[in-house]
Amino acid sequence: MSQLRSLLYVSRILIPIEDRTTEIDRFVAVSTARNRTLNITGALIVTKSRFAQLLEGPDSAIEELMTSIRRDPRHGELAVVFDRAIAGRRFDGWSMAYSGNAEYVTRLIDPLGAVSAPLGDADALRLIGFMKGMAGS
């Protein structure tokens, strides 16, 4: 069995504003089903300009999914801001926790997406804690 891994990425949304609602709804539906198939759990936050998604699951499944996400034209400037082996899941039971647009959390996400900013675990862990609270897990 593959080791469990937790990975948080932040990316810029490249979906035209007029298509966002439909495309994000499609993204959530497809991702939820795919995550379930790959035994991945986690959470997604969407702001006006960024995606932030935490994935947790077997290392091989995370690699497969990240290869797909990196090729997805809806994502730009993708940055992996947290990537660790884990002993247990934070989002057990959630193939993808998502509660709609979370513009109010921009202040937690934007610093993680700034390529020139130093990436610190404290910032990533603060966002992961917020996601965990959002999911009620």
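A residue is called buried when its relative accessible area is under 20%, exposed when it is over 50%, and partly exposed in between (1.4 Å probe, protein chains only). Helices (H or I, at least four residues) and strands (E, at least two) are DSSP runs, numbered from the N terminus. The views show a predicted model, in which local features need pLDDT of at least 70, side-chain atom pairs count only at pLDDT 80 or more, and totals for chains, interfaces and linings use all residues. Residues are numbered from 1 along each chain as its sequence is written, and side-chain values use heavy atoms, with hydrogens and water left out.

**View 1. The order of elements in the chain.** The chain holds four helices and four strands, which follow one another from the N terminus as β-α-β-β-α-β-α-α. Buried residues make up 47% of its 137 residues. Contact means heavy atoms within 4.5 Å. Of the contacts between residues at least 6 apart in sequence, 80% join residues at least 24 apart.

View 2. Helix 1 has 19 residues and spans 26 Å from its first C-alpha to its last, close to the 27 Å expected at 1.5 Å a residue; the expected span is 1.5 Å times one less than the number of residues. Its buried residues are Arg20, Glu23, Ile24, Phe27, Val28, Ser31, Thr32, Asn35 and Leu38. Viewed down the helix axis, these buried residues fall within an arc of 165°, so they line one face of helix 1; the arc is that of the directions from the helix axis to the C-beta atoms. An α-helix has 3.6 residues a turn, so residues three or four places apart point the same way. Ala29, Val30, Arg36 and Thr37, on the other side of helix 1, are exposed. The cover over the buried residues of helix 1 includes strand 1 (4-13), strand 2, strand 3 (50-58), helix 2 (59-71) and strand 4.

**View 3. Two residues with positive phi.** Most residues other than glycine have a negative phi. Asparagine 39, in the loop between helix 1 (20-38) and strand 2 (41-46), has a positive phi of about 65° although it is not a glycine. Asparagine 39 is partly exposed, with a relative accessible area of 42%. Glutamate 77, in strand 4 (residues 75-85), has a positive phi near 50° and is partly exposed at 47% relative accessibility.

**View 4. The largest pocket.** On a 1 Å grid over the protein atoms alone, a pocket is an open set of points where a 1.4 Å probe fits, with protein on both sides within 12 Å along at least five of seven lines; lining residues have an atom within 4 Å of a point. The largest pocket holds about 160 Å³ of space, its volume being the space filled by probe spheres set on the points, which are joined across faces, edges and corners. Its lining residues include Phe27, Gln53, Leu65, Asp72 and His75. Helix 1 and helix 2 are the elements that give two or more residues to this lining, and helix 1 gives the most, with five.

**View 5. Arginine 74 and alanine 85.** Arginine 74 lies in the loop between helix 2 and strand 4. Its C-alpha is 9.3 Å from that of phenylalanine 27, 47 residues away along the chain. Alanine 85 belongs to strand 4. Leaving aside neighbours within four places in sequence, alanine 85 is in contact with Gln3, Leu4 and Arg5.
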